[in-house]
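Here are a few notes to read alongside the model. Have the structure open while you go through them.

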Amino acid sequence: MGKNNVFTNDIKEVIINEEEIKQRIEELGKEITNIYNDDDDIVMLCILRGAILFMADLAREIDLPVVFDFMDVSSYGASTESSGVVRIIKDMEENIEGRHLLIVEDIIDTGRTLKHVIDMLQTRNPKSIKVVTLLDKPERRVKKEIDADFNGFEIPDEFVVGYGLDFAEKYRNLSFIGVLKEKLYI
Ligand SMILES: O=P(O)(O)OC[C@H]1O[C@H](OP(=O)(O)OP(=O)(O)O)[C@H](O)[C@@H]1O
Ligand code: HPA
């Protein structure tokens with residue numbers, strides 16, 4: 001596993017390594033750069049806390065003017081199952097009326113978090129709303145209508161950690177995406 005040896009015993013399997021993440025983010029950056037066809041800036045909204053590493057790396061691969069903003073939303077707490085109750089802990093700061101909004105997520109799982117965020121932000125009349133996610137677990141979707149415009153990797157229904165994703169706030173600083181050993185949360 002190379003780096004982050006302190007966590008080696010907790011990880012069952014590395015499913016996406018550091019190099020694969022880097023390459024895919026470069027591709028996503030190009031896709032996103034090519035899709036917008038006006039000169040307006042784009043408000044990149046990082047959904048805290050999991051998406052911070054992805055946001056930081058992706059932003060540098062987008063060759064367009066962007067503005068950073070952050071929203072803190074939580075539904076998992078110290079669990080591997082979404083509570084179903086999405087809490088907005090910190091709202092975004094920018095006024096998005098008439099502007100392009102690009103929501104940056106680390107993972108879409110049940111889709112509940114994103115559904116709640118999109119419903120709320122649509123009422124503020126942005127010019128467009130697009131979603132980019134690093135990971136997508138389509139098998140787990142409860143909110144069937146929720147999908148990303150740009151998706152890094154589809155992954156199976158397993159609880160993953162690393163590259164921003166946590167279990168009980170741990171493992172966010174892993175440089176790869178790995179499956180957590182079940183004995184650690186069951
Ligand atoms: O599609 P869903 O089932 O709603 O799950 C996806 C959400 O769950 C995680 O956030 P979490 O609430 O764990 O907060 P965190 O980003 O601070 O870890 C993740 O970062 C997504 O925002
Ligand atoms: O698999 C996951 N790992 C970490 N956080 C998550 N939030 C939803 N699904 C996941």
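1. In what order do the three strands of the open sheet stand, and is the pairing parallel or antiparallel? This is a predicted model, and in it the order reads S1-S9-S8, with antiparallel pairing. As background, strands of a sheet pair through backbone hydrogen bonds.

2. Now look at the edges of that sheet. Strand S1 (11-16) and strand S8 (160-161) sit there, and each has a single partner strand, so one side of each is left without a neighbour in the sheet.

3. Zoom in on S1 and strand S9 (residues 177-180). The two run antiparallel and are joined by four bridges. To find your place, look for isoleucine 16, which stands opposite isoleucine 177 in S9.

4. Next, ligand 1. There are 18 residues around it, and Gly50, Tyr76, Asp109, Thr110 and Thr113 come nearest. The elements giving two or more residues to this shell are strand S2 (42-48), strand S5 (100-108) and helix H3 (112-122). S5 gives the most, with four residues.

5. What is the shell around ligand 1 made of, by class? You'll find five nonpolar, seven polar and six charged residues.

6. Last stop: glutamine 23, which you can pick out in helix H1 (residues 18-35). Is glutamine 23 buried or exposed? Glutamine 23 is exposed, because it has 10 other C-beta atoms within 10 Å, and a residue with 12 or fewer counts as exposed.

Conventions. Residues are numbered from 1 along each chain as its sequence is written. Chains are lettered from A and ligands numbered from 1 in the order in which they are written. This is a predicted model: local features need pLDDT of at least 70, side-chain atom pairs count only at pLDDT 80 or more; totals for chains, interfaces and linings use all residues. A residue is near a molecule or strand if its C-beta atom, placed from the backbone, lies within 6 Å of it. Ala, Val, Leu, Ile, Met, Phe, Trp, Tyr, Cys and Pro count as nonpolar, Asp, Glu, Lys and Arg as charged, and the others, Gly among them, as polar. A residue is buried if 20 or more other C-beta atoms lie within 10 Å of its own, exposed if 12 or fewer, and partly exposed in between; C-beta atoms are placed from the backbone. Two strands pair if DSSP finds at least two bridges between them.
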